[in-house]
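This report walks through a protein–DNA model.

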There are 2 protein chains.
Amino acid sequence: MRAKKASSISNTVYDLLYKNIVNLNLPPGTTISEKEIAEKLNVSRTPVREAFIKLSQEALVNIIPQKGTIVSRIDLARVQEERFLRESLEFSVVDLFVKSKTDSGLLKMNQMIDKQKKALKNLEILEFINYDDEFHRIMFEETNKLLCYNLIKSFSSHYRRIRYLSLKIENIPANVISQHEDLVQALKENNSAKAQSILRKHIQKLIFEKEEIFTVYPDYFQKEEDNIDDYTFIS
Amino acid sequence: MRAKKASSISNTVYDLLYKNIVNLNLPPGTTISEKEIAEKLNVSRTPVREAFIKLSQEALVNIIPQKGTIVSRIDLARVQEERFLRESLEFSVVDLFVKSKTDSGLLKMNQMIDKQKKALKNLEILEFINYDDEFHRIMFEETNKLLCYNLIKSFSSHYRRIRYLSLKIENIPANVISQHEDLVQALKENNSAKAQSILRKHIQKLIFEKEEIFTVYPDYFQKEEDNIDDYTFIS
DNA sequence: ATTAACATGCTACCATACAAGTGTACATGT
DNA sequence: ACATGTACACTTGTATGGTAGCATGTTAAT
């Protein structure tokens with residue numbers, strides 16, 4: 001939230017590409033090249049290349065040496081793991097939170113719910129997702145686990161894209177917000193078990209809808225068989 | 001374990017630096033520079049720079065623009081979060097593992113315990129730690145959560161260094177191995193609660209010894225006050 | 001003696017040039 | 001018609017030169 005110093009070109013390029021990928025403005029499978037982006041942004045190849053490397057470490061692009069770079073297709077197995085990570089950490093954080101919760105923390109969460117309601121009214125998908133993230137972030141902040149929150153964020157690139165697709169295909173589900181309200185209520189009651197069960201439903205929700213998405217955007221997803229790692233060469 | 005194709009120079013440099021940092025061969029606080037490393041390895045600055053960037057994303061080095069790059073000092077707050085992540089994920093994985101465990105999985109774990117015993121006998125700290133990691137890795141592998149395991153590994157740089165220090169200062173604690181044996185036993189009995197309680201002790205163990213380490217290697221650790229982020233300028 | 005201005009040497013950052021691998025289109029030979 | 005080789009247009013990987021910012025030490029001024 002602080003006014004960031006005008007960062008390096010490398011970071012600027014990274015931010016731009018990151019946003020365009022998770023917003024599906026650059027759809028999975030799109031080929032991009034260092035030269036192409038560099039010319040489009042009037043910078044040299046070096047910072048673009050460094051941005052590519054960062055993106056590849058978050059599995060947002062696949063760099064194939066001497067061949068090209070493509071926006072990664074969504075890997076459903078990976079989505080499961082990303083969701084698993086998020087669920088595991090949120091469970092633990094909820095436990096901590098009910099032990100050390102403050103009124104200001106709960107207040108912030110309620111404020112974020114309000115913002116999210118506005119986004120829902122205006123049908124702003126991106127804002128909606130961002131406020132959703134912010135809502136969950138509060139619990140990590142209050143329990144001094146912000147590094148873990150950032151880890152989740154950087155390890156949720158595939159999960160995030162599927163969330164975006166899901167919201168785009170159907171209308172935004174209002175029950176996400178009621179789930180948040182239920183969660184806050186459970187936290188108020190120090191009922192960590194109830195909070196965890198709400199979280200589980202909340203996080204797993206989108207998974208059940210994935211089949212429909214898969215038929216509408218088939219080429220956004222990675223075929224299971226092309227696992228690049230196991231060649232079977234002559235031994 | 002597969003014979004890797006001779007990777008890029010960039011990756012080679014990264015691997016070399018990574019090993020030297022987590023082994024404390026390059027102690028926390030050491031200043032390194034692109035040029036220095038490049039000349040020492042007879043490569044150009046570009047791949048070295050790319051290696052630096054990767055290392056900085058794992059918080060193993062701090063790159064200060066226009067000034068220099070130093071091997072990061074161990075941040076105890078970060079260690080806590082790294083431990084928190086590991087504990088959270090291992091708890092969840094244990095739950096999965098007892099539901100879908102196979103005999104071959106348990107067998108592998110026992111074999112790893114044997115290897116670790118040998119390392120203990122020969123006082124090989126590095127091997128000991130590596131086998132320890134491999135032991136835990138098995139549960140992730142069997143439950144199809146290898147991405148999460150790799151995530152832990154790349155997010156445990158500070159924790160790993162403190163582990164290494166701890167083992168170096170005192171003799172290797174034999175009870176680590178008995179804890180592993182107890183864990184396997186609990187898994188055999190499908191007693192996930194018991195397994196989790198063993199894991200908690202196991203992972204938290206080294207934390208209690210940190211005070212001693214702190215006095216022996218004071219300059220390996222980050223002072224709490226120099227948090228660069230909060231200047232209090234004129235408002 | 002203290003302090004401000006400046007020169008110097010260091011750094012990471014970026015631009016550019018070159019090298020090396022990959023796939024495709026096209027020509028060539030059979 | 002078909003297989004084969006070959007030049008070429010792409011890609012990422014690496015090397016190198018130049019630039020701007022920071023820290024330090026020296027000098028000059030007060």
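Helix α3 (residues 45–57) of chain A lies across β2 and β3 of chain A. It runs at about 115° to β2(A). Axes are lines fitted to C-alpha atoms, for helices over the stretch in contact, and angles run from 0 to 180 degrees between N-to-C directions. Helices (H or I, at least four residues) and strands (E, at least two) are DSSP runs, numbered from the N terminus.

The model is predicted: local features need pLDDT of at least 70, side-chain atom pairs count only at pLDDT 80 or more, and totals for chains, interfaces and linings use all residues. Residues are numbered from 1 along each chain as its sequence is written, and chains are lettered from A and ligands numbered from 1 in the order in which they are written.

The sheet in chain A is open, with three strands in the order β1-β3-β2 and antiparallel pairing. Pairing requires at least two DSSP bridges between two strands. The edge strands of chain A, β1 (31–32) and β2 (61–64), each pair on one side only. Four bridges link β2(A) to the antiparallel β3 (residues 68–71) of chain A. Opposite A:V61 stands A:V71 in β3(A).

## Helices α6 and α7

Helix α6 (residues 125–142) of chain A packs with α7(A) at an angle of about 150°. Their axes are 7 Å apart. From α6(A) come A:R137, A:F140 and A:E141; they meet A:L146, A:C148 and A:Y149 of α7(A). Contact means C-beta atoms, placed from the backbone, within 7 Å. This contact has four nonpolar, no polar and two charged residues. Ala, Val, Leu, Ile, Met, Phe, Trp, Tyr, Cys and Pro count as nonpolar; Asp, Glu, Lys and Arg are charged; the others, Gly among them, are polar.

## Chain A against chain B

Each chain gives 15 residues to the contact. On the chain A side, α3, α4 (76–99) and α7 (146–154) give two or more residues. The largest share, seven residues, comes from α4(A). That side divides into eight nonpolar, three polar and four charged residues.

## The DNA surfaces

Around DNA strand D stand 20 residues, the closest being A:S33, A:T69, B:S8, B:I9 and B:S44. Near means a C-beta atom, placed from the backbone, within 6 Å. Two or more residues come from each of α2 (34–41) and β3 of chain A, and α1 (9–22) and α3 (45–57) of chain B. The classes are five nonpolar, nine polar and six charged.

DNA strand C also has 20 residues around it; A:S8, A:I9, A:S44, B:S33 and B:T69 come nearest. Here α1 (9–22) and α3 of chain A, with α2 (34–41) and β3 (68–71) of chain B, each give two or more residues.

How values were computed:
Contact = placed C-beta atoms within 7 Å.
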